[in-house]
Each structure stands twice: as structure tokens, then as C-alpha cells.
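Biologist: I would like to learn how to read a structure like this one. Could we go through it feature by feature?

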Amino acid sequence: MKLGDTARDLRESFGLTQRAAAGLLGVSFVHLCNIENDKSRPSPELLAKFKDVFGVDLYIYAWCQRGDLAKLPAGMRDVTRRLTDEWTKIIEKKKREFVAGA
């Protein structure tokens, strides 16, 4: 699973350029670019910033968005679908807050 694709999708869903998102996350544009291109992994501190800025845990959200539900035990599939739905709601709320604060 490519974490970078999820980071990019999340940033783009907020309508942010890499430079703008990097500023919000407190990292360089180059570092964010490397993360989105899977050339670098985010530190625990940067993962915490992703959660603060975008409202989701990047690794869990990536799995929810791109993971293979068929590989999960049957009892976990519904839970994972519900988690994905909840993350979507959280992101939508954060986007509304983001726009209102801009």
C-alpha cells in the first residue's frame, strides 16, 4: 500500500498545494513531495501533525482507503467499512472548518 497516494489525495481534497500543506504541517515542500512520492516515510511527529491538520491517522486512513477487505477476517470487514465512513465524515467536517477559517 502506498501511503504517499493517500497523503496526496487527502491534501488535494482540502484544495491545498504541496507548498501550502507543507507549511501547515511544518515541513519543507521537498519533504512532503518525497512522502507523497513514497520516497520518504513520515515521522511520528509528522503523523501527529497530519492528524491535527486533516483529522485522521494517515496510516489507518490509507488502509481504509486502499486496503484489501477480502484479506481481513469476515468479522473485521464491516468494522473497517464503518471506520472508513467515519473517517470520511471527520474529513468532511475538517474541510468545512478549514474553509470557514480561511
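**Reading buried residues and packed helices**

Modeller: Thr84 is buried, with a relative accessible area of 15%. The cut-off for buried is under 20%, and this is a predicted model.

Biologist: In which helix does Thr84 lie, and which residues does Thr84 touch?

Modeller: Thr84 lies in helix α6. Leaving out residues up to four places away in sequence, Thr84 touches Cys64 and Gln65.

Biologist: How are two packed helices described?

Modeller: Two numbers are used: the angle between the axes and the distance between them. Here, the axes of helix α5 (residues 58-66) and helix α6 (residues 74-101) come within 10 Å and cross at roughly 120°. The crossing of α5 past α6 is left-handed. On the α5 side, the contact is made by Ile60, Tyr61, Trp63, Cys64 and Gln65. On the α6 side are Thr80, Leu83, Thr84, Trp87 and Ile91. Sorted by class, this contact of α5 with α6 has seven nonpolar, three polar and no charged residues.

Biologist: Which residues of α5 are buried, and where do they fall around the axis?

Modeller: Leu58, Tyr61, Ala62 and Cys64 are the buried ones in α5. Viewed down the axis of α5, they fall within an arc of 165°, so they line one face of the helix. The buried residues of α5 pack against α1, α4 and α6.

Biologist: What about helix α3: which residues are buried there?

Modeller: In α3 (residues 29-36), Leu32, Ile35 and Glu36 are buried. These residues cover an arc of only 95° around the axis, which puts them on the same side of α3. They pack against α1 (3-13), α2 (18-25) and α4 (44-54). After α3 comes Asp38, whose phi is positive, near 55°.

Biologist: Where do nonpolar side chains tend to be in soluble globular proteins?

Modeller: They tend to be buried together. In this model, the largest nonpolar core has 21 residues, of which Leu10, Leu25, Phe50 and Phe54 touch the most other members. Each of α1, α2, α3, α4, α5 and α6 supplies at least two residues of this core.

Biologist: Take Leu25 from that list. With which residues is Leu25 in contact?

Modeller: Setting aside neighbours within four places in sequence, Leu25 is in contact with Leu32, Leu46, Lys49, Phe50, Val53 and Phe54. Leu32 is one of the buried residues of α3.

Notes. Residues numbered from 1 in each chain as written. Predicted model: local features only at pLDDT ≥ 70, side-chain atom pairs only at ≥ 80, totals over all residues. Heavy atoms only, no water. Axes fitted to C-alpha atoms, helices over the stretch in contact; angles between N-to-C directions. Helix = DSSP H or I, 4+ residues; strand = E, 2+ residues; numbered from the N terminus. Left-handed = near helix turned anticlockwise from the far one by under 90°. Contact = heavy atoms within 4.5 Å. Nonpolar A, V, L, I, M, F, W, Y, C, P; charged D, E, K, R; others polar. Buried < 20%, exposed > 50% of the residue type's maximum accessible area, 1.4 Å probe, protein only. Arc of directions from axis to C-beta. Core = buried A, V, L, I, M, F, W, Y, C linked by side-chain atoms within 4.5 Å.
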